[in-house]
Amino acid sequence: MTRTVWLKADSDVGDWETRRRRITAGLEAGVDWVLVDEADVEKVRELGEVNIAAFSNGDVHVMEAEDDGSEADATIVGKDGEGDGTVDLPSDLSGSADLSALRRDGAAPDGGYVRIFDEDYEAFAEAVADEADYTIVIGDDWQIIPLENLIARVGEETELITGVQTAEDARTAYETLELGADGVLLDTDDVDEIRKTVEVRDEAGREQVELEYATVTAVEQTGSADRVCIDTGNLMEHDEGMLVGSMARGLFFVHAETAESPYVASRPFRVNAGAVHAYVRTPDGGTKYLSELQSGDEVQIVDETGHTREAIVGRAKIEKRPMFRVQAETDEGDRIETLLQNAETIKVHTRDGRKAVTDLEAGDEILVHYEDTATHFGEQIEESIIEK
């Protein structure tokens, strides 16, 4: 599931200057959507690239062939209506104006906005979810039970967005009933809280990779090969690196060049990843050849415990360098290997901590990611493939 962060920036937030500051902070932090009034859509377009949802009274304008920027990416019904309690709910929901708008053929709103005041509004939110692509639910005296009920009852045909005011609220929303809400609607002017909420979103969607130790069986000098340094647009921490290897089923943890050295300055944006033929793991759980990497691609950063995040490739630097062949045996008895540059600055992770590949010896236990599966064009497949 891809989680999203929506930022509330309609007239309830304050005047345009207040809204503009909030939207700008959201753009800089990386929110997915901003929720505004229809009158502000064009002004938001001028601030930067972001998905825009706009409150509508139920009248959705048909987009012109030439989009002038005044149309929202999604329209939301419910503000100043039944959804927020401005208009009383009818005793029979078949008479609901908001639901009628959502059910209209043609240019109907894309989503509904509902404040959960009591069980009647919870039932109304369920009815909205049956009709809407996006269902935004807000609780003034929020309790987790209504969100649990909605997560359990609404189908996958709607994206459930719940209102929050802090990053911790967002974390709870993403984790509720283990499934969690699809997204959160954040209502805050706190720039740090907006940034933290985006970080929580990223964490919620990240993979936890299983790592294990394999026993080094051989470290041999080879001739020179075309070696790839992956220079990212992201700074890596001391315990982070990438998973690379000559065989997709067994990838070696190679540290980023974060350590100081008497020979060269640290380069915490870089992983010296091996020869051009080798694989590197990507955020989608697949692999790419190092030779394929180019500026703008995404690769997966992993720490020593298997936590992952994404990094953008700034450049792939290829140079001819002398290499080591490193071979290791997994607990399953499989032999895996890779080529790494013969240099003191390239570090792998052993049970005793970071170790330069130049100091690596047979018998050392080295951190790897092992999956007994084959790959085809970077995708895992059920097929018998022999790699030597």
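## Strand 10 and its partners

Met242 has Val254 of strand 11 as its bridge partner. The model that shows this pair is a predicted one. Strand 10 and strand 11 are antiparallel and pair over 5 bridges. Together they form a hairpin, with 2 residues between the two strands.

Strand 10 has other partners too. With strand 15 it pairs in the antiparallel sense over 2 bridges. Here Gly241 stands opposite Val302. Strand 13, residues 279–281, also pairs with strand 10 in the antiparallel sense, over 2 bridges. In that pairing the bridge partner of Val244 is Val280. How many of the residues of strand 10 are buried? The count is 8 of the 8, so strand 10 is largely enclosed by the rest of the structure.

## The largest nonpolar core

The largest nonpolar core holds 34 residues. Among these, Ile230, Val280, Leu290, Val299 and Ile366 touch the most other members. Several elements give two or more residues to this core: strand 9 (212–232), strand 10 (240–247), strand 11 (250–255), strand 12 (270–275), strand 15 (298–303), strand 16 (308–329), strand 17 (335–341) and strand 20 (365–370). Which strand gives the most? Strand 16 does, with 5 residues.

Val280 links two parts of this picture. It is one of the core residues that touch the most other members, and it is the bridge partner of Val244. Leu290 has its own set of contacts. Leaving out residues up to four places away in sequence, Leu290 touches Val228, Ile230, Ala273, Gly274, Ala275, Val276, Ala278 and Val280. Apart from this core there is a second, separate one of 24 residues, which includes Val31, Ala54, Ala167 and Val184. In soluble globular proteins, nonpolar side chains tend to be buried together.

## Thr308 in strand 16

Thr308 lies in strand 16. Is Thr308 buried or exposed? Thr308 is buried, because its relative accessible area is 9%, under the 20% cut-off.

The Thr308 side chain reaches the backbone oxygen of Glu207 at 2.5 Å. Beyond neighbours within four places in sequence, Thr308 is in contact with Arg206, Glu207, Val209, Gln300, Ile301 and Val302. Val302 of strand 15 also stands opposite Gly241.

## Strand 4 and its parallel neighbours

Strand 4 covers residues 74–77. Strand 3, residues 51–56, pairs with strand 4 in the parallel sense over 4 bridges. One link in this pairing is Ser56, whose bridge partner in strand 4 is Val77. Ile76 stands opposite Gly111 in strand 5.

Which residues of strand 4 lie on each side? Ala74 and Ile76 are on one side, with Thr75 and Val77 on the other. These four are all buried, and both faces of the strand are covered. In a regular strand the side chains alternate between the two faces of the sheet.

## Asp80, a positive phi

Asp80 sits in the loop between strand 4 and helix 3. Its phi is near 55 degrees, a positive value in a residue other than glycine. Most residues other than glycine have a negative phi. Asp80 is exposed, because its relative accessible area is 57%, over the 50% cut-off.

## Helix 4

Helix 4 covers residues 119–131, which is 13 residues. How far apart are its end C-alpha atoms? They are 19 Å apart. At 1.5 Å a residue the helix should span 18 Å, so the two values agree.

At the start of helix 4, Asp118 places a side-chain oxygen within 3.0 Å of the backbone nitrogen of Asp120. The buried residues of helix 4 are Tyr121, Glu122, Phe124, Ala125, Ala127, Val128 and Ala129.

## The chain as a whole

The chain has 388 residues, and 49% of them are buried. Its secondary structure comes to 7 helices and 22 strands. Of the contacts between residues at least 6 apart in sequence, 61% join residues at least 24 apart.

Definitions and conventions: Residues numbered from 1 in each chain as written. Predicted model: local features only at pLDDT ≥ 70, side-chain atom pairs only at ≥ 80, totals over all residues. Heavy atoms only, no water. Core = buried A, V, L, I, M, F, W, Y, C linked by side-chain atoms within 4.5 Å. Buried < 20%, exposed > 50% of the residue type's maximum accessible area, 1.4 Å probe, protein only. Contact = heavy atoms within 4.5 Å. Pairing = 2+ DSSP bridges. Expected span 1.5 Å × (residues − 1). Polar contact = N/O pair within 3.5 Å; in protein donor to acceptor, adjacent residues only side chain to side chain.
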